[in-house]
Amino acid sequence: MARFVARRIVSLIAVLFAISVITFAIFNIIPNGDPAYRLAGRTPTPGQLDAIRRVWGFDKPVTVQYARMMEQVFTGKLISYTNQTNVLDEIKQGFPRTLSLALGAALIWLFFAIVLGLYTAVKAGRFADRFLTVLALIGISMPVFWIGALMSYYLGFKAGIFPNGGYVPLTENPIQWAYHLILPWTALSILFIGFYSRVLRSNLLDTMSDDHVRTARAKGISERQILLRHVLRNSMIPIVTLWGLDFGAVVGGGAILTETVFDLEGVGQYAAEAIDMLDIPPVLAITMFGAFFIVIMNTVVDVVYAALDPRIRLS
Amino acid sequence: MAIEPAPAELSVEQLVASERSEGDAPVAGIAPSKLALRRLRRNRTALVFGALFVLIVVMCLAAPLYADHVAHTDAYKNHLTDSIEIGGKQTNVVAPDGVPIGPTWKGRFFLGADESGRDIAVRLLYGGRTSLLIGAGAALLTMLLSILAGTLAGFFGGWTDNVISRIMDMIWSFPVLLLGVALGTALALGGLQLGPVTINGDSLIIPLMIIGVVYVPYIGRPLRGQVLALREKEFVEAARAQGLGPVRIMFSEILPNLSSTIVVFFPLIIANAILLEASLSFLGAGVQPPTPSWGTMIGAGVDKIATGPHQAIVPGAMLVLTVLALNVFGDGVRDAFDPRAKVKAK
């Protein structure tokens, strides 16, 4: 276990290093992405540009610039090029919003996927199964920003049932918090419900024909108990894995589309805005932040996986 | 929802025939791919959706015909100051307050106009060409790279495997959308200079390449696993014993055995690539306006949704229909090639 954790930490550092270099390189190879122009405001004189380059260190070699930026990332002194705010403060401000979105949506999609998966597996081959399978496929085929925009226009703007964007902190008013997040949660969940329920359904059908299920049935255990205790439990392992990975991805900037459509101003939307302005520091910080979550959730999932299935060794 | 499966029962004649062939004549061997095709032919749902996809492709290919002979405009021409006759009354294409007309259900502006007075139906068809081209091209690129990565890593093992697997792991742990958007924005602004080749910032090659690379780990990893297993098989050993070189073994022994996996993944990857193109374009990092694509059209429509929701609904619905057709067809293909994954309980 200790060796496993140590190896994961080493690989986490390697991944973060590689990702930061790649992100930095992407923005440094653009010919007209010179950040001095972004800092100088409108119609700068060549003298002003030179001064800015000297002050911000853009005249230094690229490796020195990279090292300086990484130092700023870890000391929390990273400054945005476009509006000169502290990047880590902005991320800290957006994080509760992103986490609220991810956590609520992840619970919703897990719950409905289990319900839908169980129901379609029990009714396999019947009309209800086929109908719901088509619905799940439609869910997988919809771009989240499209269905999100339609929901917010028709249910929020036109009908006025739900608030039209915005965010209320949980600590301020839990009911308003949930009320403002219902539409984003739903939009984000649809894709995952479709995908997970189909995975679960095929796992359930596989497990149902296992020997231990036949034994349980022979012992006279009720169908309900068999389904919940013996079949569902065994089929949940891959779902737990997927769930952990997707949750990590959503927290780490994967909800960039949902946040933009519903104007939640979380970390993802901050990233989208920064990319739009070619503002390197926030993009670099958020990409590393996202990769950090993805790798951490990967590790957690592996540990949970080994705990759920003793046949798997962490090595 | 009237999606009924094809009747699976055999007719009496077929039953008799199969019974007889078991007894007297020697049973003819059938290639697995033929069996799979036979199973696919029996899956009517998959076939209907496959046909729907083909229909959409044909419609998009016929875009110039529609533009010239039915709509009498092209994908870029704006009709801001024009008016057309609806129900005997002259109506502005774009009203003075900026609201474009909705679907007329006639030749001109069949699906309405957008905020610049461009014909949405025409743009939808031309945009479909862009989206389908990027989707299919990216899927092809993903396949080529995955086959290359998976085969090399699985076949040679050792440090080759290590390097390739680590690269795939890294793409995997990158926040995919962030990476794609960052790359897309950066390249759209400056273009790309690869030795003698210059790619313009608004070239379709850029989103195509980004999408093609992003999905490589998803296919490369399973392929690598398969190659690892195949490498130990007797027929590969036999080929090696005959003195065949590694390249020859990879092409004539390993690759044919990967074909069913490749066939199964292909439609699903196209579907995902089309979706990713839409997401990138929505964030301004994919196809660059004014080139129409379903993604750019949805993006523009979502911005202008208050002036006329049809601008967002039409391209989105088309995209969903296309991706759905590919997903259902792809599902059928998977069931046909891997019958074990199909519904067992009846």
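Domain bounds here come from an automatic or database domain assignment. On that basis, chain A of this predicted model splits into domain 1 (15-75) and domain 2 (93-308), with C-alpha centres 37 Å apart.

**Chain A overall**
- Chain A is helices and no strands: 13 of the former, zero of the latter.
- Its C-alpha atoms fill a box of roughly 85 × 55 × 35 Å along the principal axes.
- Chain A has 315 residues, and 38% of them count as buried.
- Take the contacts in chain A between residues at least 6 apart in sequence, and 73% of them join residues at least 24 apart.

- On the domain 1 side, 12 residues make contact with 12 residues of domain 2.
- The domain 1 side that touches domain 2 draws at least two residues from each of α1 (2-28), α2 (35-40) and α4 (62-75) of chain A.
- α1(A) gives the largest share of that side, with seven residues.

**Where chain A meets chain B**
- Chain B puts 39 residues into the contact, and chain A puts in 48.
- Over on chain B, the helices that each supply at least two residues to the side touching chain A are α6 (158-173), α7 (176-190), α11 (246-282), α12 (294-303) and α13 (310-337).

Conventions:
Residues are numbered from 1 along each chain as its sequence is written. Chains are lettered from A and ligands numbered from 1 in the order in which they are written. This is a predicted model: local features need pLDDT of at least 70, side-chain atom pairs count only at pLDDT 80 or more; totals for chains, interfaces and linings use all residues. Two residues are in contact if their C-beta atoms, placed from the backbone, lie within 7 Å. Helices (H or I, at least four residues) and strands (E, at least two) are DSSP runs, numbered from the N terminus. A residue is buried if 20 or more other C-beta atoms lie within 10 Å of its own, exposed if 12 or fewer, and partly exposed in between; C-beta atoms are placed from the backbone.
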